[in-house]
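Subject: Structure handover

Hello,

Please find the structure below, followed by notes on what turned up in it. The notes go through a few sites one at a time.

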Amino acid sequence: MEPETKMTISSKWVDVKGLRIHYLSAGKGEPVFLLHGGGTDSASLSWRLTIEPLADYFRVFAPDWPGYGESDKPAIQYTIDYYIRFLSDFMQTLGIAEASLVGISMGGGIALGFTLQFPQQVSKLVLVDSYGLQTTAPAHKFSYLFVRIPMLNEMTWYLLKRSRAMTRASLRNLFHNPDAISAELVDEVYAELKKPGTGRAFISFQRSEVLWNALRTVYIDCLHEIKVPTLIVHGAKDRLVPLECARRAHELIKGSRLHVIADCGHWPQREKPDEFNRVLLEFLMGQ
């Protein structure tokens, strides 16, 4: 199949139940939603290397979640359930009744929850190093204390926002190969960190999700209910979501595909974009 003329990526805003939401859009055809993760992430950070290849064949939407990027950052409790409701409202506002969902990390957990609640609205599901597949976080007791001790989490964000060196060091948790962390990427992440309100939504999300002995959102027992075509993409060296979580999900989601990207961490679309985009396109195009 020959690609169409490349589309310009448009930066757009839409009102979703009183929130001014920013999203990137390109292409035409069947809709695909690209859902970014937590932390310092945004639509542009996670997906700017993926949007154009997809837009040759699909109509692509990549929103900044509430609390992230250029979208409004209301002072609310951010939870998986909140974001699932938001995604439903966002799709309805855009007039999209059914779409393929591609979610990385937190965005994968939201895509999973949405698919379980609204299966008729999901054409295909792609889980990328997805949240919702593990019962505990890495070093779980420490993670719990980190998000619960007053001001500790906030102080970490404060230090990140003051130092490019700390920003680069933080990306080592997401990448397997430190040489893949370019100066350009560090600048992109650092610019995102400097935006007013960055980090507050994720701090709230962590406090909701990280319980003393487990994570609140675990979809393992529900994965057998997923009937839509599903692709699971996972970095073999992911430090945040172990590879065995993806393998287990592959066993439980009937008919799913699993693609493991070698020598890759938690952010495959930035660490190994060529392989990631190829595998994603093949799946979405039914190859």
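Contact here means heavy atoms within 4.5 Å. The model is predicted, so local features need pLDDT of at least 70 and side-chain atom pairs count only at pLDDT 80 or more, while totals for chains, interfaces and linings use all residues. Residues are numbered from 1 along each chain as its sequence is written, and side-chain values use heavy atoms, with hydrogens and water left out.

Arg 247

Arg 247 is part of helix α10 (residues 243–252); helices (H or I, at least four residues) and strands (E, at least two) are DSSP runs, numbered from the N terminus. Leaving aside residues up to four places away in sequence, Arg 247 touches Leu 258 and Val 260. Its relative accessibility is 42%, so Arg 247 counts as partly exposed. On this scale buried means under 20% relative accessible area, exposed over 50%, and partly exposed in between (1.4 Å probe, protein chains only). Between the C-alpha atoms of Arg 247 and Ile 232, which are 15 residues apart along the chain, there are 8.7 Å.

Two loop residues

Ser 71 sits in the loop between β4 (59–63) and α3 (80–94). With 3% relative accessibility, Ser 71 counts as buried. Its contacts, not counting residues up to four places away in sequence, are Arg 20, Ile 21, His 22, Asp 64, Trp 65 and Pro 66.

Pro 150 is in the loop between α5 and α6 (152–160) and counts as exposed, at 67% relative accessibility. Pro 150 and Arg 172 are 22 residues apart along the chain, and their C-alpha atoms are separated by 25 Å.

Helices α7 and α8

The axes of α7 (residues 164–171) and α8 (residues 183–193) come within 9 Å and cross at roughly 110°. Axes are lines fitted to C-alpha atoms, for helices over the stretch in contact, and angles run from 0 to 180 degrees between N-to-C directions. The two helices, α7 and α8, are therefore roughly perpendicular to each other (under 35 degrees counts as roughly parallel, over 145 as roughly antiparallel, 65 to 115 as roughly perpendicular and the rest as oblique). On the α7 side the contact is made by Arg 164, Thr 167, Arg 168 and Leu 171, and on the α8 side by Ala 183, Leu 185, Val 186, Asp 187, Val 189, Tyr 190 and Leu 193.

Aromatic rings

Rings of Phe, Tyr and Trp (its six-membered ring) pair if their centres lie within 6.5 Å; planes under 30 degrees apart count as stacked, over 60 as edge-to-face and the rest as tilted. By this rule there are 17 aromatic pairs. One of them, Trp 47 with Phe 276, is tilted, at 6.3 Å centre to centre and 40° between the planes. Trp 47 lies in helix α1 (residues 43–47) and Phe 276 in helix α12 (residues 273–284), so this pair ties together parts that are 229 residues apart in sequence. Trp 47 counts as buried at 0% relative accessibility, and Phe 276 is buried with a relative accessible area of 2%.

Phe 142 and Phe 146 form a stacked pair, 6.3 Å centre to centre with 25° between the planes. They are four residues apart in helix α5 (residues 140–148), and are therefore separated by about one helical turn. Phe 142 counts as exposed, at 58% relative accessibility.

Regards
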